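This briefing collects notes on one chain, grouped by topic. Please read it alongside the sequence and the structure shown here.

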Amino acid sequence: KKGATVVATCRTQSKCDKATGQIEKETGKKVEIGLMDLSSFASIRNFAKEAAKAYPTIDSLVLNAGVMVPPFGLTKDGLETQIGTNHFGHQLLTDLLLPQLEAAAKKTGVATVVPVSSAAHYDSYPAGILPTIEAMNTEATYDRAKAYGQSKLANVLFAQELAERVKDKGILVNAIHPGGVDTELGRHLIDGAKSLFGEGAADFLQDKVLPKAGRGSWHPSDAALTQIYAAVGPK
């Protein structure tokens, strides 16, 4: 509505088409698409290379991709899936796009980076961030919820460090917590409930605790307001 060029990134064309089609229908505005898998450094580098050609300035970067409490697994680059996708993928993307953010800040006076974290960052491993990649990648000590908390804590720490590094370049960095949101992010919660407690518990979680009517979790259009404000708010 403000005339901005909006770029949505997804792992697959079909997911992008579905999401952007809904936005375009509601706003009447075109949304551009970029294909990128945050669990693959090669995919991130490829997107960043194309983005540098297409968008010489980037006014706002919202880091909103993620995975929550999946079974143990590794990314294509050999990192535990949650920390690899939710933190390292976003960090690499931001590093690669910093020149365009700096160019936007120089042109308009400000640019923004918004890492989407979670209150789950309070529930990481006792060490906070595990000290080595080997420790992160140890399946025997993997805890789905703690690993998710670790990745969200990494988002917060990344935001704090980046904010300090770019404060003199006109780039504002603010991590936000959108709350519990009714999206596919919670799919592994239901799978976990099914494996631990059976179909009945999984159905109760899906139908009563995380209802699409909104009780218990935010609708995505409401939950997005916090990150939109952090990205383009007037103050």
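Glutamine 150 counts as buried in this predicted model, because its relative accessible area is 1%, below the 20% under which a residue is called buried. Glutamine 150 belongs to helix H5, which covers residues 144-166, and a polar atom of its side chain lies 2.8 Å from the backbone nitrogen of leucine 130. The points below start from the surroundings of glutamine 150 and then turn to other parts of the chain.

**Around glutamine 150 and alanine 120**

- Leaving aside residues up to four places away in sequence, glutamine 150 touches Ile83, Ser124, Tyr125, Gly128, Ile129, Leu130 and Met136, and Leu130 in this list is the residue whose backbone nitrogen lies 2.8 Å from a polar atom of the glutamine side chain.
- Alanine 120 sits in the loop that runs between S4 and helix H4 (133-136), and, again not counting residues up to four places away in sequence, alanine 120 touches Tyr148 and Gly149.
- Although 57 residues separate alanine 120 from histidine 177 in sequence, the distance between them in space is 9.1 Å from C-alpha to C-alpha.

**Overall make-up of the chain**

- The chain holds 8 helices and 5 strands, and these follow one another along the sequence in the pattern β-α-β-α-β-α-β-α-α-β-α-α-α.
- Of the 235 residues in the chain, 39% are buried.
- When contacts between residues at least 6 apart in sequence are considered, 73% of them join residues at least 24 apart.

**Strands S1 and S2**

- Strand S1, made of residues 7-10, has a covered face with Ala8 and Cys10 and an uncovered face with Val7 and Thr9.
- S1 runs parallel to strand S2 (residues 32-35), and 4 bridges join the two strands.
- Between these strands the chain passes through helix H1 (residues 13-27), so that S1, H1 and S2 form a β-α-β crossover, and this crossover is right-handed.
- Valine 7, which lies on the uncovered face of S1, has glutamate 32 as its bridge partner in S2.

**Helix H8**

- Helix H8 (residues 220-232) consists of 13 residues and spans 18 Å from its first C-alpha to its last, which is close to the 18 Å expected at 1.5 Å a residue.
- The buried residues in H8 are Ala223, Ala224, Gln227, Ala230 and Ala231, and what covers the buried residues of H8 includes strand S3 (60-63) and strand S4 (111-115).

**Valine 69**

- Valine 69 is placed in the loop between S3 and helix H3 (81-108), and its phi is near 45°, which is a positive value in a residue other than glycine.
- Is valine 69 buried or exposed? Valine 69 counts as buried, because its relative accessibility is 10% and the cut-off for buried is under 20%.

Terms used: Residues numbered from 1 in each chain as written. Predicted model: local features only at pLDDT ≥ 70, side-chain atom pairs only at ≥ 80, totals over all residues. Heavy atoms only, no water. Buried < 20%, exposed > 50% of the residue type's maximum accessible area, 1.4 Å probe, protein only. Pairing = 2+ DSSP bridges. Polar contact = N/O pair within 3.5 Å; in protein donor to acceptor, adjacent residues only side chain to side chain. Contact = heavy atoms within 4.5 Å. Expected span 1.5 Å × (residues − 1).
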